[in-house]
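Q: I would like to learn how to read a structure feature by feature. Could we go through one together?

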Amino acid sequence: MNTLALHGGPGPWILLLPLIWAAVVVTVVTVLRRTVWRGRRGPWQDRPIRGGPAERSPIAMLGRRFAAGEIDEEEYWRRLSVLDEQFGTRGKDAVA
């Protein structure tokens with residue numbers, strides 16, 4: 001470490017400057033992510049935010065499972081009829 005301090009050089013503390021700047025950048029990014037950027041989406045993310053009320057409905061979950069191939073068409077329609085009776089996607093006053 002003596003080579004850095006020869007001839008009135010800056011000394012060994014100059015090696016800490018990149019670490020200090022890295023800490024500053026990490027702190028700024030962390031603060032921005034927790035405050036300003038929270039909840040914002042860029043134009044490249046055109047899908048809805050997951051976890052909204054419509055996505056938590058049992059019928060929507062059933063549709064996602066069918067689309068993902070977890071259940072077959074027969075199981076989908078059987079479960080959908082049960083959910084339709086229970087949650088009434090057509091409303092209580094609708095005629096079947």
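This is a predicted model: local features need pLDDT of at least 70, side-chain atom pairs count only at pLDDT 80 or more; totals for chains, interfaces and linings use all residues.

Q: Which side chain does Arg 65 meet in a salt bridge?
A: Side chains of opposite charge can pair when their charged atoms come close. Here the partner is Glu 70, with 3.0 Å from N to O. Glu 70 has a relative accessible area of 55%, so Glu 70 counts as exposed.

Q: How many salt bridges does the structure hold?
A: There are 3 of them. Let's turn to Glu 75, which forms a salt bridge with Arg 78, the closest N and O atoms being 3.2 Å apart. Glu 75 also forms a salt bridge with Arg 79, where the closest N and O atoms are 2.6 Å apart. Through these shared partners, Glu 75, Arg 78 and Arg 79 are joined into one network.

Q: How should I read the sequence spacing of such pairs?
A: An α-helix has 3.6 residues a turn, so residues three or four places apart point the same way. In this model, Glu 75 and Arg 78 both lie in helix H3, 3 residues apart, about one turn of the helix. Glu 75 and Arg 79 are 4 residues apart in helix H3, which means that about one helical turn separates them.

Q: Are Arg 78 and Arg 79 buried, partly exposed or exposed?
A: Arg 78 is partly exposed, with a relative accessible area of 48%. Arg 79, at 32% relative accessibility, also counts as partly exposed.

Q: Which residues of H3 are buried?
A: They are Glu 75, Tyr 76, Leu 80, Leu 83 and Asp 84. These residues cover an arc of only 160° around the axis, so they sit on the same side of H3. The face turned away from that buried side carries the exposed residues Glu 74, Trp 77, Glu 85 and Gln 86.

Q: What covers the buried residues of H3?
A: The cover includes helix H2 (58–68). Leu 80, a residue of helix H3, makes a handy example. Its relative accessibility is 16%, so Leu 80 counts as buried. Leaving aside neighbours within four places in sequence, Leu 80 is in contact with Ile 59 and Leu 62. Leu 80 and Pro 58 are 22 residues apart in sequence and 9.2 Å apart in space, C-alpha to C-alpha.

Q: Which residues make the nonpolar surface patch?
A: Trp 13, Leu 16, Leu 17, Leu 19, Ile 20, Trp 21, Val 24 and Val 28 make a patch of about 820 Å². Take Val 24, which lies in helix H1 (residues 17–34). At 37% relative accessibility, Val 24 counts as partly exposed.

Q: What does the whole chain look like in numbers?
A: The chain has 3 helices and 0 strands, and along the sequence the pattern is α-α-α. Of the 96 residues in the chain, 9% are buried. The accessible surface comes to about 8,600 Å², and 61% of that belongs to carbon and sulfur atoms. Among contacts with a separation of 6 or more, 11% are between residues 24 or more positions apart.

Terms used
Residues are numbered from 1 along each chain as its sequence is written. Side-chain values use heavy atoms; hydrogens and water are left out. Buried means under 20% relative accessible area, exposed over 50%, partly exposed in between (1.4 Å probe, protein chains only). Helices (H or I, at least four residues) and strands (E, at least two) are DSSP runs, numbered from the N terminus. The arc is that of the directions from the helix axis to the C-beta atoms. Contact means heavy atoms within 4.5 Å. Patches are made of residues with over 30% relative accessible area and no salt bridge: like charges are joined within 9 Å, nonpolar side chains (Val, Leu, Ile, Met, Phe, Trp, Tyr) within 5 Å. Accessible areas come from the Shrake-Rupley method with a 1.4 Å probe; for residues, only the protein chains shown count as cover. A salt bridge is a side-chain nitrogen of Lys or Arg within 4 Å of a carboxyl oxygen of Asp or Glu.
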